[in-house]
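We will go stop by stop.

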Amino acid sequence: MNSYSSLLKTRGVGRIMAAQLLARFPFGMLSLAFLLHIERVHDSYGSAGLVLAALSIGQAIAGPLTSRLMGRWGMRQVISSTIVVCAIAISTIALVPMSIPMTMAVAFIAGLTMPPIQPAVRTIYPKMVNSKQLTPLFSLDASAQEIIWVVGPVITTFTATQIGTVQGILLAVIFLVVGGGWFLTSPELGRVRIPRSRRRLGAVLKKPPVLLATIVGFLLVATCASVEAGVVSTFGNGGAEAGIVLAVFAVGSLVGGLALGHLPIGSWALAQRMLIVFVGIGISAISLNVWWLGVFLFLAGVGIAPALAVMFSIVSSSVRFSDTAEAYGWVGTGQLIGAAVGSALAGFMIDSVGPSGAFYVAASLAAVGFVVPVLGHRWHPDLRGKDASPLADTEPVMTVT
């Protein structure tokens, strides 16, 4: 805890972390908010799955593309433009009655203009702290990210079930606009310039650690999204049990991130952390009892934030600074697609076999999420005693002061 407290005392770290957390909250809210809203309007989880698929396709295209554009046009211009368009598209889905094809088209636009805040902030971090502080900072950021992915759906569930699904979506828009505006005022966005990458789009995926982090991030977040859909469908729209269980899931992740985030990162680190997630999810799928789910989803949550911290560190240590934004763009795209795909798969299984189907999907995804880093451990850098900062570019990088 001393290392985390000293980090937060470093100038600007606490502020920019809070701002990006608030701005990225919609990323953990929209899949579930759309799932609940489209199911209520069209009475079909399958239709909601189609909308989420359109959202995920837009995100898949946008992630690395908008990240590279920040090196050409600047972070502020790209982020501010995407916030405006994305907020309008999301609000349209909430407020305007549309057919499923039209809703899918607007959801695609929303996904295409998701602001690249995650790659921006993770590119800035190495310029704010020294090399010894970088891995703990990624761990702290991973714990904060789990507030997005797990607490975000809790807020969405309570708002959508107790007030309305329209309000649940609009709440995500408020987070996007307010948090995005706060993030844009951060002076670091003016002091740090992302150099234009000289490599073609997608070349960074040839770095095995980047590809490994992208695939495992997709599977991890898809697992979480399936769990969220399963919990909501299990306990219905009338009670508080769903929100409580998801809150316990979140607490497990926060505890894991703070307790395990400082551990040295060896070549088996990602597999070890994903094993915790798999065991917890697998056991939780046995019963839909609220206490059973609470206990074992807490266990699963303990592995989530530490796994994400490992992904961020191995990506940072494997690419040049000019490629970091695009690399994190691909990792973020994997996670965002995972959220949509996990919810969509769970939705179809809920329609077919009931709430238990969502937990079967989650357990299957978690199993693959463990197997992939086991098979790919040779691609996993051993960072014990090493610097996790990005590799230096071969030419000077100008900064704005």
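This is a predicted model: local features need pLDDT of at least 70, side-chain atom pairs count only at pLDDT 80 or more; totals for chains, interfaces and linings use all residues.

**Stop 1: helix α2.** Select residues 13–24, which form helix α2. Check its length with a distance between the end C-alpha atoms: they lie 16 Å apart. At 1.5 Å a residue, the 12 residues should span 16 Å, so the two values agree. Now colour the buried positions of α2: V13, I16, M17, A19, Q20, L21, A23 and R24.

**Stop 2: helices α4 and α6.** Select residues 45–73 for α4 and residues 100–112 for α6. Which two values describe such a pair? Two packed helices are described by the angle between their axes and the distance between the axes. Here the angle is about 30° and the axes are 7 Å apart. Angles under 35 degrees count as roughly parallel, so α4 and α6 are roughly parallel to each other. Their crossing is right-handed.

Show the side chains at the contact. From α4, pick S47, L50, V51, A54, L55, I57, G58, Q59, I61 and A62. They meet I100, T103, M104, A107, F108, A110, G111 and L112 in α6. By class, this contact has 13 nonpolar, five polar and no charged residues.

**Stop 3: T103.** Centre on T103, in helix α6. Is T103 buried or exposed? Its relative accessible area is 3%; under 20% counts as buried, so T103 is buried. Leaving out residues up to four places away in sequence, select what T103 touches: I38, V51, I93 and M98. Among them, V51 also belongs to the α4 side of the contact with α6.

Note on methods. Residues are numbered from 1 along each chain as its sequence is written. Side-chain values use heavy atoms; hydrogens and water are left out. Helices (H or I, at least four residues) and strands (E, at least two) are DSSP runs, numbered from the N terminus. The expected span of a helix is 1.5 Å times one less than its number of residues. Buried means under 20% relative accessible area, exposed over 50%, partly exposed in between (1.4 Å probe, protein chains only). Axes are lines fitted to C-alpha atoms, for helices over the stretch in contact, and angles run from 0 to 180 degrees between N-to-C directions. Angles under 35 degrees count as roughly parallel, over 145 as roughly antiparallel, 65 to 115 as roughly perpendicular and the rest as oblique. A crossing is left-handed if the near helix is turned anticlockwise from the far one by less than a right angle, and right-handed if clockwise. Contact means heavy atoms within 4.5 Å. Ala, Val, Leu, Ile, Met, Phe, Trp, Tyr, Cys and Pro count as nonpolar, Asp, Glu, Lys and Arg as charged, and the others, Gly among them, as polar.
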